[in-house]
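Subject: Structure handover

Hi,

Here's the structure I said I'd pass on. Have a look at it first, and then read my notes below.

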Amino acid sequence: MASKMKDNLIDINEKENGNPRAIFYKRPIKKDNYTLDIDNVDTPQEIRRQRLLQFQKKYREAAFNIGRGILDEAFNSDEDECEEHMEIDESDKKRYHLSKRCKYYANQLMMSEWMLEVPQDFVEKWIMVPCPQGKRTLVVACKGITKAYNKRGNRLGKFYSALPGGNPSEHRSSCTILDCLWIKQQKVYHVLDVLAWSNQSLINCDTEFRFFWLKSQLQEIEELQKRDTYKNTYPILPLPNISCNTELSLALENISDLYPLDGLLFYHRDGQYTKGRTPLVTWLKPFMLSEVLGISVPPPLDEKPDGYIDFKYYILNSRAKKRKETSEVQMDITHENC
């Protein structure tokens with residue numbers, strides 16, 4: 001399946017002029033990312049994946065130091081207090097622009113690339129995580145309070161949580177940092193990944209271990225499932241981790257009724273937590289699975305948007321729309337500052 005998909009993509013690229021592969025990638029990993037400072041967007045994903053895995057094995061200590069750095073920043077932060085239980089809402093531009101910004105928390109989240117080619121070790125080495133529709137946030141529980149930041153480092157709100165370090169009743173000397181999705185309608189956090197837990201940095205650990213650790217720790221703290229308690233304002237819940245060596249079609253049937261599904265993240269088992277874009281985490285919309293992976297998709301997840309042609313054109317249109325939205329936000333900021 002993997003080799004067939006790769007051959008199809010190569011044939012498509014050879015028929016088009018120039019170098020069309022580059023336009024399908026999300027933004028390449030930047031040079032300030034400690035993992036890759038030599039790769040560029042034109043390099044196929046599989047090659048970049050192998051280079052990154054080798055680099056991470058060689059420089060595991062550097063990743064550990066980065067993890068300690070973000071923990072130290074959380075403890076040493078002297079950020080001013082604001083009103084409690086501020087509701088997260090990035091669509092409210094006034095609140096968004098008035099929110100406090102911590103530069104150190106900017107660009108710390110691990111971001112995905114589109115899956116342009118099926119990885120050679122897809123069945124053996126990859127884990128699928130279904131993602132509900134929500135806002136990506138970095139949740140930092142430290143010194144008796146929990147704060148949420150968007151990927152730019154803007155503080156979106158603060159509240160109490162039962163995470164170690166996240167409420168005033170216990171573990172004030174602990175710090176926990178999670179990669180989450182905030183579901184505004186349900187007022188629930190779904191946890192994608194973990195950067196640190198109770199002062200222990202996990203950035204330099206591989207994905208399989210991080211997921212195992214996260215699942216076991218979240219299950220132990222029953223308070224995290226509750227709402228509006230003294231220790232926990234919002235439920236903080238795990239997401240399913242589905243091995244790609246299982247029947248993915250059946251797995252999708254079992255989760256399709258749990259929540260509105262935005263897409264699916266695919267994590268390489270051996271990858272460390274890497275800030276910025278990485279080929280070790282890829283992304284597909286549910287309706288792309290049959291086209292890219294050749295698996296059946298249960299309804300309504302197989303419903304394609306109006307005007308859909310194929311996954312490559314969808315990616316092009318998505319990138320164009322995102323550039324337009326980014327430009328409009330920048331213009332709004334400019335006008336407000338005038």
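Let's start with strand 4, residues 145-149: in this predicted model, 5 of its 5 residues are buried. Both of its faces are covered, with Ile145, Lys147 and Tyr149 on one side and Thr146 and Ala148 on the other.

With strand 3 (residues 135-142) the pairing is antiparallel, over 5 bridges. Those two make a hairpin with 2 residues between them, and Lys143 in the turn has a positive phi of about 55°. With strand 5 (residues 155-159) strand 4 again pairs in the antiparallel sense, here over 4 bridges. That hairpin has 5 residues between its strands, and the turn residue with a positive phi, about 90°, is Gly153.

Val140 stands opposite Lys147, and in strand 5 the bridge partner of Lys147 is Lys158. Lys147 is also one of the buried residues of strand 4.

Now for strand 6, residues 175-183. What makes it count as largely enclosed by the rest of the structure? All 9 of its 9 residues are buried, and that is why. One side carries Cys175, Ile177, Asp179, Leu181 and Ile183, while Thr176, Leu178, Cys180 and Trp182 sit on the other.

The hairpin of strands 6 and 7 has 4 residues between the strands, with Lys187 at a positive phi near 55°.

Last, the packing. In soluble globular proteins, nonpolar side chains tend to be buried together. The largest nonpolar core here has 60 residues, and the members touching the most others are Phe122, Val140, Ile177, Phe266, Met288, Leu289 and Leu293. Leaving aside neighbours within four places in sequence, Ile177 is in contact with Ile70, Leu71, Leu138, Val139, Val140, Val194, Leu195 and Ala196. Apart from that core lies another, of 21 residues, including Cys180, Val191, Val194 and Leu218.

Cheers

Notes:
Residues are numbered from 1 along each chain as its sequence is written. This is a predicted model: local features need pLDDT of at least 70, side-chain atom pairs count only at pLDDT 80 or more; totals for chains, interfaces and linings use all residues. Side-chain values use heavy atoms; hydrogens and water are left out. Buried means under 20% relative accessible area, exposed over 50%, partly exposed in between (1.4 Å probe, protein chains only). Two strands pair if DSSP finds at least two bridges between them. A nonpolar core is a set of buried Ala, Val, Leu, Ile, Met, Phe, Trp, Tyr and Cys residues joined through side-chain atoms within 4.5 Å. Contact means heavy atoms within 4.5 Å.
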